[in-house]
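Subject: Structure handover

Hello,

Here is the structure for you to look at. My notes on what turned up follow below it.

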Amino acid sequence: DKHAAYAEFCARLARFINGEHHLGVTHWELTNERDGAYWVDPGRRGQDHLAELAELYLRAARAVRAADPTAKIGG
């Protein structure tokens, strides 16, 4: 329920690191290892949460790309 806030956080981080401090980070992994909660967590097994993960990833990817058009995004 906080996908928009997470996407904004990712964009702010990209702006802070590359826009303000010019650190030249080129690659961003948006969900890192937290994606397991969407498909491995035994408490959620049998439920489809991969669509939610995809929505979160795409929202964050679009926000980072808007903040840094040269970003290479994975996850």
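Helices (H or I, at least four residues) and strands (E, at least two) are DSSP runs, numbered from the N terminus. Tyrosine 6 and phenylalanine 9 both sit in helix α1 (residues 3-20), three residues apart, so about one helical turn separates them.

Two ground rules on the source. This is a predicted model, in which local features need pLDDT of at least 70 and side-chain atom pairs count only at pLDDT 80 or more, while totals for chains, interfaces and linings use all residues. Residues are numbered from 1 along each chain as its sequence is written, and side-chain values use heavy atoms, with hydrogens and water left out.

Overall layout

The chain holds three helices and two strands. Their order from the N terminus is α-β-α-α-β. Of the 75 residues, 29% are buried (under 20% relative accessible area; exposed is over 50%, partly exposed in between; 1.4 Å probe, protein chains only). The chain exposes about 5,300 Å², with 56% of that coming from carbon and sulfur atoms. Areas come from the Shrake-Rupley method with a 1.4 Å probe; for residues, only the protein chains shown count as cover. Contact means heavy atoms within 4.5 Å. Among contacts with a separation of 6 or more, 58% join residues 24 or more positions apart.

The aromatic pair

How many aromatic pairs does a search of the whole structure find? One. Rings of Phe, Tyr and Trp (its six-membered ring) pair if their centres lie within 6.5 Å; planes under 30 degrees apart count as stacked, over 60 as edge-to-face and the rest as tilted. The centres of the tyrosine 6 and phenylalanine 9 rings are 6.5 Å apart and the planes meet at 35°, so this pair is tilted. Tyrosine 6 is partly exposed at 26% relative accessibility. Phenylalanine 9 is partly exposed too, at 48%.

Helix α1

α1 has 18 residues. From first C-alpha to last, α1 reaches 24 Å, close to the 26 Å expected at 1.5 Å a residue (the expected span is 1.5 Å times one less than the number of residues). Its buried residues are His3, Ala7, Cys10, Ala11, Ala14, Ile17 and Asn18. β1 and α3 are among what covers them. The face turned away from the buried side carries the exposed residues Ala5, Arg12 and Glu20.

Histidine 22 lies in the loop between α1 and β1 (27-29). Its phi is positive, near 50°, and the residue is not glycine. Most residues other than glycine have a negative phi. Histidine 22 is exposed, at 63% relative accessibility.

The core

Which residues make up the largest nonpolar core? Cys10, Ala14, Ile17, Trp28, Leu30, Ala60, Ala61, Val64 and Ala71, nine in all. Such a core is a set of buried Ala, Val, Leu, Ile, Met, Phe, Trp, Tyr and Cys residues joined through side-chain atoms within 4.5 Å. α1 and α3 (50-67) each supply at least two of its residues. Leaving out residues up to four places away in sequence, alanine 61 touches Leu30 and Ile73.

Threonine 31

Threonine 31 sits in the loop between β1 and α2 (36-39). Threonine 31 is buried, at 10% relative accessible area. Beyond four places in sequence, threonine 31 touches Tyr6, Leu53 and Gly75.

Best regards
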